[in-house]
Each structure stands twice: as C-alpha cells, then as structure tokens.
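Trainee: I would like to learn how to read features off a model. Can we go through this one together?

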Amino acid sequence: MPETLDRLLAESRDRLKEAGIEGAAVDARHLVSGLLGVSLAGLMARGGEPLSPQDAARIRAAVERRAAREPVYRILGEREFHGLTFKLSKETLEPRPDTETLVDCLVPLVRRIAARKGHCRLIDLGTGTGAICLALLAAALDARGLGTDISEDALATARENAKRNGLADRFQTLRSDWFETVEGRFDIIVSNPPYIRSKVVAELEPEVRYFDPAAALDGGNDGLDAYRAIALHAGRHLEADGIIGLEIGFDQKQAVAALFEAQGFRLLESALDLGGNDRVLIFEQDVKGSTTVEKMLH
C-alpha cells in the first residue's frame, strides 16, 4: 500500500511526541509543508495523495533531525521574516517573530526620513541573515542599507538573501566588529546584538544552545557588552536627526537606556514583544526642545 501524506504526517507527529517535542503536530506540519513545497492548507487538501519513496525518506530523515532537537527552520534551511524569506547558515541567528517588532517600530520612521530627505541611509550592526535591514529596505524604496558582521559566512548569507529578495542593488556588506571599520554617518543605526549573559548561554534550550551561533548569543558577563560598544561610538556615526533602534533582552530596558543616556542619547520610544516583554528601544540624540524625530512621530 503506497505511503500517503496523511499517514506520514501522523507518523511524524507521533515520532516527535515520543521524542518529547513540544508542539509536535505543528512542527510535523511545518516540516512536511516546507520539504514538499506545499502550503499548510494544501497539506489538508492533498492528504490522501501517495508520496514517492524518495519524499517519504526525506521527511523521515528531517523528522529524526527534529527529534534530536534541531529547529524546524534550520532543517528547512530558510525562514520567513516580515513577509520575506531568508536563507539560514551556520553562523547566522535564526530570525524570530519577536524581532519583527523592531522592524515594525522603524518602518514609519524610515519612510518619513526618506520622504523628507529623499533618501534614508541605514546601518545594521551584526546583520546576520540581513533580515532586519532587508525588511526595512523592502518597506522603503528610497532607503539604502549597510550590513556589518564579524562573520564572513554571515555576510555571504546576507548578500544572498538580498539577491533572493530583489534588494541587492540597495544593500552592501562590510566586515566589522561593531563600528570598528565603519565610516560615515547614517540616518538609522539598528542592531539586534548578542544580549544573553555568558553564564546563561549554557542553560538555554538545546534548539538554541546547539544550533544558534554562540557569537550571536553571548553578550558578556552582564549581557551588555555589545550595547556598550554601540553606545560608545554611535554618536560619531549618526546624523544629527538620526535614530538608533535596538532589540534588547526582556529585563534590560533600564540598563541599556542608562548606557545610551550616558552617551548623550534620549529614549524616544519602547515597545513590547509578542509575549508582552520589553523588546525594542528607540533612541535619538538628546537635544533641547522638540526634535525632528519627535515631530515625525506625531
């Protein structure tokens, strides 16, 4: 009797449940959907269709990888973020839905700066897959972006993602340890830096601990090393009316705000993630009176 989609989905779900995977049914559907190139709705409609032995073998191999705690999107090799699809690689962090909050906060500001100046120049520090910068470029046609990273693998992945999303003509990359080799000024500085305390990294879920790059997770003893580096040099790379957008850890709002305020910035806006935790901080240079950015927001 030929293997059907429904039968293999049920088998996959049961195998993941047996392995103790939370959300086994959801993960099974996403794996099968991604491997076969069929929408989630299509899986239901085509449940009775027979599968080739090759497809069945691919699915079973992927399910075993998930049972060993490899994340679904690492197995598939790509993930959707803010309506775009991004290739993942060994040295890139998997873009997550909470980070879309940072993009959502910045899109109106990017568009308004571009409308007012005729352009908007962005820099994404620690760009990884390029997800944040490329999502902003996709939302604002007059914006141009520079993605920096210490990893050549990450930069190559970001360039490939720019090409696959039709944004390569407005996106460049630069190997840099934060601002180390950066020149010039930008309208927007954005970053989702490593912010987990070193001693906590070893306690993270296996999906993160074993499959996300350590350099993208470990923020030093107090989790704030990257924010110190960015705050220290941001002033000389930010246009007078520019803004800084950062992702932070759930308990870091006060500490990160204090670091940037000490370097002459003012907290303009903050936002919560999907779980209701502090996740995004937006800063501007601290000057007297109502600023250009403040006026743009109202």
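Trainee: Are Phe-81 and Phe-86 buried or exposed?

Mentor: Both Phe-81 and Phe-86 are buried. Keep in mind that this is a predicted model.

Trainee: How many aromatic pairs does a search of the whole structure find?

Mentor: The search finds three aromatic pairs. Take Phe-81 and Phe-86: the ring centres are 6.2 Å apart and the planes meet at 70°, so this pair is edge-to-face. The cut-off behind that call is a plane angle over 60 degrees.

Trainee: Which residues do ring pairs link into a cluster?

Mentor: Phe-260, Phe-265 and Phe-283 are linked by ring pairs into a cluster.

Trainee: Now pockets. What volume does the second largest pocket have?

Mentor: Its volume is about 220 Å³. Then ask what lines it. The lining of the second largest pocket consists of His-30, Ser-33, Gly-34, Tyr-73, Leu-76, Glu-78, Arg-79, Glu-80 and Thr-85.

Trainee: Which elements give two or more residues to that lining?

Mentor: Helix H2 (24-36), helix H5 (72-76) and strand S1 (78-81) do. Look at the domains too. Domain 1 (3-75) and domain 2 (78-283) each supply at least three residues to the lining of this second largest pocket.

Trainee: How do the lining residues divide into nonpolar, polar and charged?

Mentor: For the second largest pocket, two are nonpolar, four are polar and three are charged.

Trainee: Where does UniProt place the feature "binding site"?

Mentor: The unreviewed UniProt entry places "binding site" at Gly-126, Thr-127, Gly-128, Thr-129, Gly-130, Asp-149, Trp-178 and Asn-192. Treat such a record with care, because annotations may be inferred rather than shown by experiment. Asp-149 sits in strand S4 (residues 143-149). Its relative accessibility is 11%, so Asp-149 counts as buried. The limit is under 20%.

Trainee: What about Ile-150? Where is its place?

Mentor: Ile-150 lies in the loop between S4 and helix H8 (152-164). With a relative accessible area of 46%, Ile-150 is partly exposed. From C-alpha to C-alpha, Ile-150 and Gly-118 are 31 Å apart in space, and they are 32 residues apart in sequence.

Trainee: Why is helix H7 (residues 131-139) called largely enclosed by the rest of the structure?

Mentor: Count its buried residues. Seven of the nine residues of helix H7 are buried, so the helix is largely enclosed. The buried residues of H7 are Ala-131, Ile-132, Cys-133, Leu-134, Ala-135, Leu-136 and Leu-137.

Conventions:
Residues are numbered from 1 along each chain as its sequence is written. This is a predicted model: local features need pLDDT of at least 70, side-chain atom pairs count only at pLDDT 80 or more; totals for chains, interfaces and linings use all residues. Side-chain values use heavy atoms; hydrogens and water are left out. Rings of Phe, Tyr and Trp (its six-membered ring) pair if their centres lie within 6.5 Å; planes under 30 degrees apart count as stacked, over 60 as edge-to-face and the rest as tilted. Buried means under 20% relative accessible area, exposed over 50%, partly exposed in between (1.4 Å probe, protein chains only). On a 1 Å grid over the protein atoms alone, a cavity is a set of points where a 1.4 Å probe fits but cannot get out, and a pocket is an open set with protein on both sides within 12 Å along at least five of seven lines; lining residues have an atom within 4 Å of a point. Grid points are joined across faces, edges and corners, and a volume is the space filled by probe spheres set on the points. Helices (H or I, at least four residues) and strands (E, at least two) are DSSP runs, numbered from the N terminus. Ala, Val, Leu, Ile, Met, Phe, Trp, Tyr, Cys and Pro count as nonpolar, Asp, Glu, Lys and Arg as charged, and the others, Gly among them, as polar. Domain bounds come from an automatic or database domain assignment.
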